[in-house]
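Here is a briefing on one protein chain. Look over the sequence and the fold before reading on.

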Amino acid sequence: MTDTILSVDALSTRLPGRVLTADSDGYDAERTGFQQWDAHRPAAIVAATSADDVREAVSVAAARRLPFAVQATGHGHTAPTEGLLISTRRLTGVRVDPTTRTAWVEAGATWRHVVDAAAPHGLAPLSGSFPGVGAVSYTLGGGLGLLARRYGFASDHVRRFDVVTPDGRARQVTEHCEPDLFWALRGGGGHVGVVTGMEIALVPVTRLFGGSLLLDVTQAPDVLDAWRRWTGDVPDELTSAVTVLTYPDVPGLPESLRGRSIAHLLVAYCGSPDDGRALTRPLRTFGPVLADTLTDLPYTASGSIFDEPEEPHPYRGDNLVVRDLDPRALAGLTAVAGPDSPVFTVVGLRHLGGALARPPRVPSAVGHRQGSYLVSVLSPVAVGEETLVRGRHDDALAPFADAALGRRLGFAFRSLREDALRTAFDAGDYERLRGITRAVDPHRLLHTGHARG
(Lines give C-alpha, C1' and ligand atoms only; values in the text may rest on other atoms or scores of the structure.)
Protein backbone atom coordinates (compact mmCIF):
# COMPACT_ATOMS: atom_id res chain seq x y z
CA MET A 1 0.00 0.00 0.00
CA THR A 2 2.84 2.42 0.84
CA ASP A 3 4.43 1.87 -2.59
CA THR A 4 1.09 2.58 -4.27
CA ILE A 5 0.65 5.83 -2.31
CA LEU A 6 4.19 6.89 -3.22
CA SER A 7 3.50 6.09 -6.86
CA VAL A 8 0.33 8.17 -6.88
CA ASP A 9 2.17 11.03 -5.16
CA ALA A 10 4.93 10.84 -7.77
CA LEU A 11 2.39 10.85 -10.59
CA SER A 12 0.53 13.84 -9.13
CA THR A 13 3.80 15.75 -8.87
CA ARG A 14 4.89 15.03 -12.44
CA LEU A 15 1.40 15.24 -14.03
CA PRO A 16 -0.48 17.90 -12.04
CA GLY A 17 -4.20 17.98 -12.72
CA ARG A 18 -4.20 14.79 -14.77
CA VAL A 19 -4.22 12.14 -12.02
CA LEU A 20 -7.53 10.86 -10.67
CA THR A 21 -8.08 8.71 -7.58
CA ALA A 22 -11.21 7.06 -6.23
CA ASP A 23 -12.33 10.26 -4.49
CA SER A 24 -11.83 12.43 -7.59
CA ASP A 25 -14.69 13.77 -9.67
CA GLY A 26 -14.84 11.85 -12.92
CA TYR A 27 -13.01 8.76 -11.62
CA ASP A 28 -15.89 6.37 -12.34
CA ALA A 29 -16.52 7.76 -15.82
CA GLU A 30 -12.82 7.54 -16.67
CA ARG A 31 -12.32 3.95 -15.55
CA THR A 32 -15.43 2.60 -17.30
CA GLY A 33 -15.32 1.96 -21.03
CA PHE A 34 -17.77 0.62 -23.60
CA GLN A 35 -17.45 -2.90 -22.18
CA GLN A 36 -18.98 -2.44 -18.73
CA TRP A 37 -18.47 -5.88 -17.23
CA ASP A 38 -16.03 -5.86 -14.28
CA ALA A 39 -14.62 -2.38 -14.84
CA HIS A 40 -11.11 -1.36 -13.85
CA ARG A 41 -10.56 -0.51 -10.17
CA PRO A 42 -7.28 1.40 -10.35
CA ALA A 43 -5.48 3.08 -7.47
CA ALA A 44 -4.98 6.00 -9.84
CA ILE A 45 -5.85 7.05 -13.38
CA VAL A 46 -3.71 9.20 -15.61
CA ALA A 47 -6.02 11.13 -17.94
CA ALA A 48 -3.37 11.57 -20.62
CA THR A 49 -3.54 14.60 -22.91
CA SER A 50 -0.26 13.97 -24.77
CA ALA A 51 2.26 11.29 -25.59
CA ASP A 52 4.53 12.86 -22.95
CA ASP A 53 1.84 12.20 -20.32
CA VAL A 54 1.87 8.53 -21.27
CA ARG A 55 5.66 8.37 -21.08
CA GLU A 56 5.68 10.02 -17.66
CA ALA A 57 3.02 7.63 -16.36
CA VAL A 58 4.84 4.53 -17.59
CA SER A 59 8.15 5.85 -16.24
CA VAL A 60 6.68 6.22 -12.76
CA ALA A 61 5.08 2.78 -12.97
CA ALA A 62 8.39 1.26 -14.10
CA ALA A 63 10.37 2.97 -11.34
CA ARG A 64 7.89 1.92 -8.63
CA ARG A 65 7.12 -1.45 -10.24
CA LEU A 66 3.43 -0.56 -10.23
CA PRO A 67 1.21 -2.71 -12.48
CA PHE A 68 -0.59 -0.67 -15.12
CA ALA A 69 -3.06 -0.95 -17.98
CA VAL A 70 -4.15 1.30 -20.84
CA GLN A 71 -7.66 2.06 -22.08
CA ALA A 72 -9.01 4.17 -24.93
CA THR A 73 -12.62 3.20 -25.68
CA GLY A 74 -12.68 -0.02 -23.63
CA HIS A 75 -14.39 -2.22 -26.23
CA GLY A 76 -11.90 -5.04 -25.72
CA HIS A 77 -11.75 -4.86 -21.93
CA THR A 78 -11.61 -8.35 -20.41
CA ALA A 79 -10.27 -8.10 -16.84
CA PRO A 80 -9.74 -5.23 -14.37
CA THR A 81 -6.51 -3.68 -13.14
CA GLU A 82 -6.09 -2.43 -9.59
CA GLY A 83 -2.82 -0.59 -10.20
CA LEU A 84 -2.50 2.35 -12.58
CA LEU A 85 -4.84 2.98 -15.51
CA ILE A 86 -3.59 5.16 -18.36
CA SER A 87 -6.58 6.63 -20.20
CA THR A 88 -5.77 7.70 -23.76
CA ARG A 89 -9.29 8.65 -24.84
CA ARG A 90 -8.39 12.36 -25.19
CA LEU A 91 -5.68 11.65 -27.76
CA THR A 92 -7.94 11.72 -30.81
CA GLY A 93 -5.82 13.54 -33.37
CA VAL A 94 -5.64 12.29 -36.96
CA ARG A 95 -3.39 13.77 -39.68
CA VAL A 96 -3.86 12.61 -43.27
CA ASP A 97 -1.16 12.92 -45.93
CA PRO A 98 -3.00 12.45 -49.25
CA THR A 99 0.27 12.39 -51.20
CA THR A 100 1.61 9.31 -49.42
CA ARG A 101 -1.88 7.96 -48.70
CA THR A 102 -1.12 7.64 -45.02
CA ALA A 103 -2.61 8.82 -41.73
CA TRP A 104 -1.05 9.47 -38.35
CA VAL A 105 -3.50 8.24 -35.71
CA GLU A 106 -3.23 9.08 -32.02
CA ALA A 107 -3.83 6.51 -29.29
CA GLY A 108 -7.45 7.40 -28.48
CA ALA A 109 -8.79 8.04 -31.97
CA THR A 110 -11.72 5.89 -33.07
CA TRP A 111 -12.25 4.65 -36.58
CA ARG A 112 -14.92 7.33 -36.93
CA HIS A 113 -12.21 9.98 -36.46
CA VAL A 114 -9.99 8.31 -39.07
CA VAL A 115 -12.75 7.64 -41.62
CA ASP A 116 -13.97 11.23 -41.45
CA ALA A 117 -10.44 12.63 -41.81
CA ALA A 118 -9.57 10.39 -44.78
CA ALA A 119 -12.82 10.73 -46.75
CA PRO A 120 -12.26 14.27 -48.15
CA HIS A 121 -9.10 12.93 -49.82
CA GLY A 122 -10.87 9.98 -51.47
CA LEU A 123 -9.26 7.55 -49.04
CA ALA A 124 -10.31 5.12 -46.32
CA PRO A 125 -8.65 3.16 -43.52
CA LEU A 126 -9.07 -0.58 -43.01
CA SER A 127 -11.63 0.11 -40.33
CA GLY A 128 -13.90 -2.30 -38.51
CA SER A 129 -17.62 -2.87 -38.56
CA PHE A 130 -18.19 -0.46 -35.63
CA PRO A 131 -16.83 3.09 -36.12
CA GLY A 132 -16.68 3.74 -32.36
CA VAL A 133 -13.89 1.21 -31.72
CA GLY A 134 -10.42 2.54 -30.93
CA ALA A 135 -8.27 2.37 -34.06
CA VAL A 136 -5.00 1.56 -32.29
CA SER A 137 -6.25 -1.24 -30.05
CA TYR A 138 -8.18 -2.73 -32.98
CA THR A 139 -5.02 -2.76 -35.08
CA LEU A 140 -2.87 -4.24 -32.31
CA GLY A 141 -5.19 -7.27 -32.39
CA GLY A 142 -4.82 -7.62 -36.16
CA GLY A 143 -8.01 -5.92 -37.30
CA LEU A 144 -10.60 -7.80 -39.37
CA GLY A 145 -12.74 -5.19 -41.08
CA LEU A 146 -15.12 -4.36 -43.89
CA LEU A 147 -12.43 -4.37 -46.60
CA ALA A 148 -10.56 -7.37 -45.19
CA ARG A 149 -10.82 -9.82 -48.09
CA ARG A 150 -9.64 -7.16 -50.54
CA TYR A 151 -6.84 -5.56 -48.47
CA GLY A 152 -6.05 -7.91 -45.55
CA PHE A 153 -5.67 -7.18 -41.85
CA ALA A 154 -5.44 -3.61 -40.60
CA SER A 155 -2.12 -4.46 -38.97
CA ASP A 156 -0.67 -5.33 -42.40
CA HIS A 157 -0.88 -1.64 -43.32
CA VAL A 158 0.98 -0.08 -40.37
CA ARG A 159 4.10 1.89 -41.27
CA ARG A 160 5.22 3.03 -37.81
CA PHE A 161 4.32 2.94 -34.14
CA ASP A 162 5.32 5.37 -31.40
CA VAL A 163 5.27 3.25 -28.25
CA VAL A 164 6.32 3.50 -24.63
CA THR A 165 7.56 0.10 -23.49
CA PRO A 166 7.04 -1.01 -19.87
CA ASP A 167 10.66 -0.18 -19.03
CA GLY A 168 9.73 3.50 -19.54
CA ARG A 169 11.45 3.96 -22.91
CA ALA A 170 9.76 5.91 -25.71
CA ARG A 171 10.54 4.22 -29.04
CA GLN A 172 9.80 4.71 -32.71
CA VAL A 173 9.11 1.28 -34.16
CA THR A 174 9.26 0.40 -37.86
CA GLU A 175 10.25 -2.63 -39.91
CA HIS A 176 13.84 -1.35 -39.91
CA CYS A 177 14.01 0.14 -36.40
CA GLU A 178 13.07 -2.28 -33.59
CA PRO A 179 11.90 -5.01 -36.01
CA ASP A 180 11.00 -7.45 -33.21
CA LEU A 181 8.67 -4.91 -31.63
CA PHE A 182 7.23 -4.09 -35.06
CA TRP A 183 6.44 -7.79 -35.53
CA ALA A 184 4.90 -8.11 -32.05
CA LEU A 185 2.78 -4.95 -32.19
CA ARG A 186 1.08 -6.02 -35.42
CA GLY A 187 -1.30 -8.69 -34.14
CA GLY A 188 0.25 -9.45 -30.75
CA GLY A 189 -2.52 -7.75 -28.80
CA GLY A 190 -0.57 -4.90 -27.19
CA HIS A 191 1.56 -6.95 -24.80
CA VAL A 192 4.78 -5.05 -25.42
CA GLY A 193 3.90 -1.43 -24.66
CA VAL A 194 1.56 1.54 -24.76
CA VAL A 195 1.15 2.88 -28.29
CA THR A 196 0.81 6.66 -28.39
CA GLY A 197 0.34 6.85 -32.16
CA MET A 198 0.65 4.93 -35.41
CA GLU A 199 1.13 5.69 -39.07
CA ILE A 200 -1.10 3.61 -41.33
CA ALA A 201 -1.55 3.28 -45.07
CA LEU A 202 -4.92 4.28 -46.49
CA VAL A 203 -6.68 2.77 -49.50
CA PRO A 204 -8.50 4.47 -52.43
CA VAL A 205 -12.05 3.56 -51.42
CA THR A 206 -14.84 6.13 -51.26
CA ARG A 207 -17.99 4.02 -51.60
CA LEU A 208 -19.30 0.52 -50.90
CA PHE A 209 -22.22 -1.54 -52.04
CA GLY A 210 -23.37 -2.93 -48.74
CA GLY A 211 -25.95 -3.41 -46.05
CA SER A 212 -27.98 -6.34 -44.83
CA LEU A 213 -30.80 -8.73 -45.64
CA LEU A 214 -32.91 -10.01 -42.74
CA LEU A 215 -34.50 -13.46 -42.85
CA ASP A 216 -36.64 -15.39 -40.36
CA VAL A 217 -34.68 -18.51 -39.41
CA THR A 218 -37.87 -20.56 -39.10
CA GLN A 219 -38.59 -19.79 -42.76
CA ALA A 220 -34.95 -20.28 -43.81
CA PRO A 221 -33.61 -23.00 -41.46
CA ASP A 222 -30.58 -23.72 -43.67
CA VAL A 223 -29.57 -20.07 -44.03
CA LEU A 224 -26.10 -20.53 -42.52
CA ASP A 225 -25.20 -23.40 -44.80
CA ALA A 226 -26.68 -21.60 -47.80
CA TRP A 227 -24.47 -18.59 -47.00
CA ARG A 228 -21.46 -20.92 -46.66
CA ARG A 229 -22.07 -22.33 -50.13
CA TRP A 230 -22.57 -18.85 -51.59
CA THR A 231 -19.18 -17.67 -50.25
CA GLY A 232 -17.42 -20.45 -52.18
CA ASP A 233 -16.86 -18.40 -55.33
CA VAL A 234 -17.31 -14.72 -54.47
CA PRO A 235 -14.48 -12.30 -55.43
CA ASP A 236 -11.98 -10.87 -52.96
CA GLU A 237 -13.67 -7.47 -53.23
CA LEU A 238 -16.64 -8.89 -51.33
CA THR A 239 -16.40 -9.27 -47.55
CA SER A 240 -19.46 -10.74 -45.84
CA ALA A 241 -20.80 -12.12 -42.59
CA VAL A 242 -23.97 -13.54 -41.11
CA THR A 243 -25.30 -13.19 -37.58
CA VAL A 244 -28.26 -14.84 -35.90
CA LEU A 245 -30.11 -13.61 -32.81
CA THR A 246 -33.58 -13.79 -31.32
CA TYR A 247 -35.21 -10.42 -30.80
CA PRO A 248 -37.14 -9.93 -27.57
CA ASP A 249 -40.89 -9.60 -27.86
CA VAL A 250 -41.09 -6.07 -26.50
CA PRO A 251 -42.75 -2.83 -27.60
CA GLY A 252 -40.57 -0.53 -29.66
CA LEU A 253 -39.26 -3.21 -32.01
CA PRO A 254 -40.79 -3.72 -35.46
CA GLU A 255 -43.58 -6.29 -35.40
CA SER A 256 -41.76 -8.30 -38.08
CA LEU A 257 -38.83 -8.91 -35.68
CA ARG A 258 -40.38 -9.24 -32.23
CA GLY A 259 -39.84 -12.67 -30.67
CA ARG A 260 -38.32 -14.10 -33.84
CA SER A 261 -34.95 -15.69 -34.57
CA ILE A 262 -33.46 -13.53 -37.31
CA ALA A 263 -30.48 -14.04 -39.62
CA HIS A 264 -28.66 -10.90 -40.76
CA LEU A 265 -26.78 -11.39 -44.03
CA LEU A 266 -24.15 -8.62 -44.07
CA VAL A 267 -22.28 -7.45 -47.16
CA ALA A 268 -19.49 -4.97 -47.94
CA TYR A 269 -18.46 -4.92 -51.60
CA CYS A 270 -15.87 -2.45 -52.92
CA GLY A 271 -16.92 -2.69 -56.55
CA SER A 272 -19.66 -1.25 -58.72
CA PRO A 273 -23.25 -1.23 -57.41
CA ASP A 274 -24.41 -3.18 -60.47
CA ASP A 275 -21.88 -5.94 -59.80
CA GLY A 276 -22.81 -5.87 -56.12
CA ARG A 277 -26.46 -6.38 -56.90
CA ALA A 278 -25.63 -9.30 -59.20
CA LEU A 279 -23.33 -10.95 -56.67
CA THR A 280 -25.86 -10.69 -53.84
CA ARG A 281 -28.90 -11.77 -55.85
CA PRO A 282 -28.58 -15.43 -54.69
CA LEU A 283 -28.92 -14.32 -51.06
CA ARG A 284 -32.55 -13.42 -51.75
CA THR A 285 -33.32 -17.04 -52.65
CA PHE A 286 -32.53 -18.29 -49.12
CA GLY A 287 -36.00 -17.37 -47.84
CA PRO A 288 -38.50 -14.51 -47.54
CA VAL A 289 -36.65 -11.23 -46.94
CA LEU A 290 -38.02 -9.26 -43.97
CA ALA A 291 -35.82 -6.20 -44.47
CA ASP A 292 -33.33 -5.08 -47.10
CA THR A 293 -30.77 -2.29 -46.68
CA LEU A 294 -28.40 -3.26 -49.50
CA THR A 295 -27.45 -0.10 -51.36
CA ASP A 296 -24.64 2.04 -52.70
CA LEU A 297 -23.31 4.11 -49.80
CA PRO A 298 -20.36 6.38 -48.98
CA TYR A 299 -17.63 4.80 -46.90
CA THR A 300 -18.39 7.36 -44.19
CA ALA A 301 -21.70 5.48 -43.71
CA SER A 302 -20.10 2.03 -43.58
CA GLY A 303 -20.98 1.62 -39.90
CA SER A 304 -24.61 1.19 -40.96
CA ILE A 305 -23.83 -2.21 -42.49
CA PHE A 306 -23.52 -4.08 -39.18
CA ASP A 307 -25.53 -1.37 -37.35
CA GLU A 308 -24.12 -2.48 -33.99
CA PRO A 309 -25.38 -1.15 -30.62
CA GLU A 310 -23.85 2.16 -29.64
CA GLU A 311 -24.82 2.09 -25.96
CA PRO A 312 -22.13 0.75 -23.58
CA HIS A 313 -23.10 -2.54 -21.94
CA PRO A 314 -21.57 -5.62 -20.26
CA TYR A 315 -20.85 -8.59 -22.52
CA ARG A 316 -18.69 -11.65 -23.00
CA GLY A 317 -17.70 -13.45 -26.19
CA ASP A 318 -15.40 -15.99 -27.79
CA ASN A 319 -14.50 -17.30 -31.24
CA LEU A 320 -12.71 -19.86 -33.38
CA VAL A 321 -10.95 -19.55 -36.72
CA VAL A 322 -11.81 -22.65 -38.76
CA ARG A 323 -10.59 -24.31 -41.96
CA ASP A 324 -14.14 -25.04 -43.09
CA LEU A 325 -17.71 -25.21 -41.81
CA ASP A 326 -19.47 -28.52 -41.18
CA PRO A 327 -23.17 -28.18 -42.16
CA ARG A 328 -24.12 -30.30 -39.12
CA ALA A 329 -22.31 -27.90 -36.80
CA LEU A 330 -24.03 -24.95 -38.49
CA ALA A 331 -27.45 -26.49 -37.88
CA GLY A 332 -26.73 -26.56 -34.16
CA LEU A 333 -25.38 -23.02 -34.17
CA THR A 334 -28.76 -21.52 -35.07
CA ALA A 335 -30.26 -23.21 -31.98
CA VAL A 336 -27.65 -21.50 -29.77
CA ALA A 337 -29.17 -18.16 -30.77
CA GLY A 338 -32.74 -19.44 -30.77
CA PRO A 339 -35.63 -18.55 -28.47
CA ASP A 340 -35.01 -21.59 -26.24
CA SER A 341 -31.45 -20.61 -25.38
CA PRO A 342 -30.96 -20.12 -21.60
CA VAL A 343 -28.97 -16.92 -22.29
CA PHE A 344 -29.35 -14.33 -25.02
CA THR A 345 -26.65 -15.11 -27.58
CA VAL A 346 -25.62 -13.64 -30.89
CA VAL A 347 -23.79 -16.11 -33.13
CA GLY A 348 -21.76 -14.93 -36.09
CA LEU A 349 -19.83 -16.18 -39.08
CA ARG A 350 -17.32 -14.08 -41.05
CA HIS A 351 -15.89 -15.05 -44.40
CA LEU A 352 -12.08 -14.96 -44.42
CA GLY A 353 -9.66 -15.83 -47.23
CA GLY A 354 -8.72 -13.48 -50.04
CA ALA A 355 -6.05 -10.98 -48.97
CA LEU A 356 -6.34 -12.24 -45.39
CA ALA A 357 -4.76 -15.52 -46.49
CA ARG A 358 -1.76 -13.90 -48.16
CA PRO A 359 1.39 -13.25 -46.12
CA PRO A 360 2.12 -9.54 -45.64
CA ARG A 361 5.24 -7.94 -47.08
CA VAL A 362 6.66 -7.70 -43.55
CA PRO A 363 5.84 -10.68 -41.29
CA SER A 364 3.68 -10.06 -38.23
CA ALA A 365 2.26 -11.85 -35.20
CA VAL A 366 -1.16 -12.32 -36.83
CA GLY A 367 -1.95 -16.03 -36.84
CA HIS A 368 -4.18 -18.47 -38.70
CA ARG A 369 -4.16 -16.71 -42.05
CA GLN A 370 -5.15 -19.99 -43.68
CA GLY A 371 -8.53 -19.92 -41.93
CA SER A 372 -11.62 -19.81 -44.13
CA TYR A 373 -14.18 -18.60 -41.59
CA LEU A 374 -14.48 -17.07 -38.14
CA VAL A 375 -17.18 -18.45 -35.81
CA SER A 376 -18.12 -16.14 -32.92
CA VAL A 377 -20.50 -16.03 -29.98
CA LEU A 378 -21.43 -12.99 -27.90
CA SER A 379 -23.81 -12.49 -24.98
CA PRO A 380 -24.73 -9.68 -22.60
CA VAL A 381 -23.93 -10.75 -19.05
CA ALA A 382 -25.37 -9.78 -15.68
CA VAL A 383 -24.13 -10.41 -12.15
CA GLY A 384 -24.08 -14.13 -11.45
CA GLU A 385 -24.35 -15.12 -15.12
CA GLU A 386 -20.71 -15.22 -16.25
CA THR A 387 -20.20 -18.93 -15.57
CA LEU A 388 -23.45 -19.78 -17.36
CA VAL A 389 -22.52 -17.61 -20.35
CA ARG A 390 -19.01 -19.02 -20.58
CA GLY A 391 -20.33 -22.57 -20.51
CA ARG A 392 -22.90 -21.77 -23.15
CA HIS A 393 -20.22 -20.28 -25.40
CA ASP A 394 -17.92 -23.27 -24.91
CA ASP A 395 -20.76 -25.60 -25.85
CA ALA A 396 -21.61 -23.54 -28.93
CA LEU A 397 -18.05 -23.64 -30.26
CA ALA A 398 -17.32 -27.27 -29.38
CA PRO A 399 -18.79 -28.74 -32.62
CA PHE A 400 -16.27 -26.69 -34.61
CA ALA A 401 -13.22 -27.91 -32.66
CA ASP A 402 -12.04 -30.47 -35.23
CA ALA A 403 -11.78 -27.78 -37.92
CA ALA A 404 -10.40 -25.08 -35.60
CA LEU A 405 -7.01 -23.44 -36.06
CA GLY A 406 -7.29 -21.23 -32.98
CA ARG A 407 -8.72 -17.93 -31.84
CA ARG A 408 -8.71 -14.37 -33.14
CA LEU A 409 -7.68 -11.96 -30.35
CA GLY A 410 -9.95 -9.16 -31.53
CA PHE A 411 -13.04 -11.31 -30.95
CA ALA A 412 -12.01 -12.83 -27.60
CA PHE A 413 -14.15 -10.84 -25.19
CA ARG A 414 -13.08 -12.90 -22.21
CA SER A 415 -9.91 -13.18 -20.18
CA LEU A 416 -7.79 -15.94 -21.70
CA ARG A 417 -5.52 -18.17 -19.63
CA GLU A 418 -2.11 -18.90 -21.12
CA ASP A 419 -3.16 -22.16 -22.77
CA ALA A 420 -6.07 -20.37 -24.48
CA LEU A 421 -4.04 -17.27 -25.34
CA ARG A 422 -1.47 -19.45 -27.07
CA THR A 423 -4.17 -20.60 -29.53
CA ALA A 424 -4.36 -17.09 -31.02
CA PHE A 425 -0.94 -17.54 -32.64
CA ASP A 426 0.74 -19.84 -35.12
CA ALA A 427 3.15 -22.51 -33.89
CA GLY A 428 6.23 -20.89 -32.35
CA ASP A 429 4.89 -17.34 -32.53
CA TYR A 430 3.55 -17.30 -28.99
CA GLU A 431 6.99 -18.23 -27.65
CA ARG A 432 8.56 -15.48 -29.75
CA LEU A 433 6.00 -12.96 -28.46
CA ARG A 434 6.60 -14.07 -24.89
CA GLY A 435 10.36 -13.62 -25.31
CA ILE A 436 9.96 -10.10 -26.71
CA THR A 437 7.55 -9.21 -23.92
CA ARG A 438 9.90 -10.43 -21.22
CA ALA A 439 12.73 -8.35 -22.67
CA VAL A 440 10.80 -5.06 -22.41
CA ASP A 441 8.64 -5.95 -19.39
CA PRO A 442 10.75 -8.17 -17.11
CA HIS A 443 8.59 -7.36 -14.08
CA ARG A 444 5.32 -8.09 -15.94
CA LEU A 445 3.86 -4.68 -15.21
CA LEU A 446 1.67 -4.17 -18.29
CA HIS A 447 -1.76 -5.69 -17.76
CA THR A 448 -3.63 -6.61 -20.96
CA GLY A 449 -6.49 -8.65 -19.49
CA HIS A 450 -5.02 -11.95 -20.67
CA ALA A 451 -2.54 -14.25 -18.91
CA ARG A 452 1.08 -14.30 -19.97
CA GLY A 453 3.88 -16.80 -19.42
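The points below go from the whole chain to single residues.

This is a predicted model. The chain holds 13 helices and 18 strands. Its radius of gyration is 22 Å, close to the 22 Å that the globule rule gives for 453 residues, so the chain is as compact as a globular protein of that length.

**Overall build**

- The C-alpha trace spans about 65 × 55 × 45 Å along its principal axes.
- Of the 453 residues in the chain, 57% are buried.
- Take the contacts with a separation of 6 or more: 73% of them join residues 24 or more positions apart.

**Helix H10**

- Helix H10 covers residues 327–336, and its buried residues are Ala329, Leu330, Leu333, Thr334 and Val336.
- These residues cover an arc of only 145° around the axis, which puts them on the same side of H10.
- Exposed residues Arg328 and Ala331 sit on the face of H10 turned away from the buried side.
- The buried residues of H10 pack against two helices, H8 (223–230) and H11 (386–397). They also pack against strands S16 (346–351) and S17 (373–380).
- Asp326 caps the N-terminal end of H10. One of its side-chain oxygens lies 2.8 Å from the backbone nitrogen of Arg328.

**Aromatic pairs**

- The whole structure contains seven aromatic pairs.
- One of them joins Phe34 and Phe130. This pair is tilted, with 5.7 Å centre to centre and 55° between the planes.
- The pair links distant parts of the chain, 96 residues apart. Phe34 is in the loop between helix H2 (27–31) and strand S2 (44–47). Phe130 is in the loop between helix H4 (111–118) and helix H5 (135–140).
- Both Phe34 and Phe130 are buried.
- Ring pairs also bring in Tyr315 and Phe413, giving a cluster with Phe34 and Phe130.

**His450**

- His450 lies in the segment after helix H13 (429–440).
- Is His450 buried or exposed? Its relative accessible area is 15%, under the 20% cut-off, so His450 counts as buried.
- A polar atom of the His450 side chain lies 2.9 Å from the backbone nitrogen of Leu416.
- Beyond its neighbours within four places in sequence, His450 contacts Thr78, Leu409, Ala412, Arg414, Ser415, Leu416 and Leu421.

**Two buried loop residues**

- Leu257 is in the loop between strand S11 (238–246) and strand S12 (261–269). Its relative accessible area is 10%, which makes Leu257 buried.
- Which residues does Leu257 contact, leaving aside its neighbours within four places in sequence? They are Leu214, Tyr247, Ile262 and Leu290.
- Leu257 and Leu330 are 73 residues apart in sequence. Their C-alpha atoms are 22 Å apart in space.
- Ser302 is in the loop between strand S14 (295–298) and strand S15 (315–322). With 5% relative accessibility, Ser302 counts as buried.
- The side chain of Ser302 reaches the backbone oxygen of Tyr299 at 2.9 Å.
- Leaving aside its neighbours within four places in sequence, Ser302 contacts Leu146, Leu208 and Leu297.

**Positive phi values**

- Most residues other than glycine have a negative phi.
- Arg101 is not a glycine, yet it has a positive phi of about 55°. Arg101 is in the loop between strand S5 (94–97) and strand S6 (102–106).
- The relative accessibility of Arg101 is 41%, so Arg101 counts as partly exposed.
- Glu178 also has a positive phi, near 60°, in a residue other than glycine. Glu178 lies in the loop between strand S8 (170–173) and helix H7 (179–185).
- Glu178 has a relative accessibility of 25%, so Glu178 counts as partly exposed.

Notes:
Residues numbered from 1 in each chain as written. Predicted model: local features only at pLDDT ≥ 70, side-chain atom pairs only at ≥ 80, totals over all residues. Heavy atoms only, no water. Helix = DSSP H or I, 4+ residues; strand = E, 2+ residues; numbered from the N terminus. Buried < 20%, exposed > 50% of the residue type's maximum accessible area, 1.4 Å probe, protein only. Polar contact = N/O pair within 3.5 Å; in protein donor to acceptor, adjacent residues only side chain to side chain. Contact = heavy atoms within 4.5 Å. Arc of directions from axis to C-beta. Rg over C-alpha atoms; globule rule 2.2 N^0.38 Å. Phe/Tyr/Trp six-rings, centres within 6.5 Å; stacked < 30°, edge-to-face > 60°.
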